[in-house]
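Subject: Structure handover

Hello,

Here is the structure I said I would pass on. Please have a look at it first, then read my notes below.

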Amino acid sequence: MKNLLKSKCLPAVILLLGVVGFLLRLGLYAVGTDQKGLLPGWHPLEIVLWAVTAGAIALVIAAGRNAKGSNHYRDNFGPSLPGALGNILMAAGILLTVLLNQPKMPKLLGMLWKLLGFVSAPCLVAAAFARVQGKRPFFLLHIAACLFLVFHIVNHYQAWSGNPQLLDYLFSLLGTMALMFFGFYTAAFAVGSGSRRMLLGMGLAAVYLCAVSLSSGEYPFLYLGGIAWVLTNLCLPEPARQMEEREQAQ
């Protein structure tokens, strides 16, 4: 278990669990709903889904607690073409989301959701240019994406809060929140207040939750872009020498 938490394969393991959760939730809604589209209590597929989710979250928490090392930007983010591509894919996911969907809330809140989507997309593209050069991006470039994700939650508040069936929206809500905090902690690194633990924890949680959320069929570009964004922009692994020195000191 300890070796897994330090392994470079950990994000892939979390993604694999997310795919399992995706298939379980997809199967649950395919075979477990009644004529009204309601789910019975404690369907076997639901029980397995909750078990997989509990295991994934436990692994995420353990990984976050185990993450050690420098919290300086340069020690965690080097020049990265995949990282730049991840920012661009998230920008595309947000842009397609606001172009292909109408806001759920009327008037000002709906307009702000659209506007922030159009603003955050070019901001993430600008952050991609800094990422590929290994330069520290201006922190507001990621804050714009955070604000869009905040308003994405607000935009769906009435629809989600009025739905008594928790599984209809829980993974979408938590996945959006995890992406929001991942963007926030990415921005925090840009101003010298980064946290390896929080960025890793929120990022891995976002990967799992967004993968499961894809089974709803709503906002697929947002969740796919979010997964790509996180997986390509996690902190660099702690250098082997630092790990050895730290273990000897303990």
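Among contacts between residues at least 6 apart in sequence, 78% join residues at least 24 apart. Contact here means heavy atoms within 4.5 Å. Keep in mind that this is a predicted model: local features need pLDDT of at least 70, side-chain atom pairs count only at pLDDT 80 or more, and totals for chains, interfaces and linings use all residues. Residues are numbered from 1 along each chain as its sequence is written, and side-chain values use heavy atoms, with hydrogens and water left out.

Overall build. The protein has 12 helices and zero strands. Both kinds of element are DSSP runs, numbered from the N terminus: helices are H or I with at least four residues, strands are E with at least two. Along the principal axes, the C-alpha atoms fill a box of roughly 60 × 40 × 25 Å.

Burial. Of the 250 residues, 46% count as buried. Buried means under 20% relative accessible area, exposed over 50%, and partly exposed in between (1.4 Å probe, protein chains only).

Helix α6. This helix covers residues 107–133, 27 residues in total. From first C-alpha to last it reaches 40 Å, close to the 39 Å expected at 1.5 Å a residue. The expected span is 1.5 Å times one less than the number of residues. Lys107 is found in α6. Its phi is near 60 degrees, a positive value in a residue other than glycine. Most residues other than glycine have a negative phi. Lys107 is exposed, because its relative accessible area is 71%. Just after α6, Gly134 takes a positive phi of about 75 degrees.

Two loop residues. Tyr219 sits in the loop between α10 (196–213) and α11 (220–231). Phi of Tyr219 is also positive, near 60 degrees. Tyr219 is buried, because its relative accessible area is 4%. His43 lies in the loop between α2 (10–31) and α3 (44–66). His43 counts as buried, because its relative accessibility is 18%. Which residues does His43 contact, leaving aside its neighbours within four places in sequence? They are Leu28 and Gly32.

Best wishes
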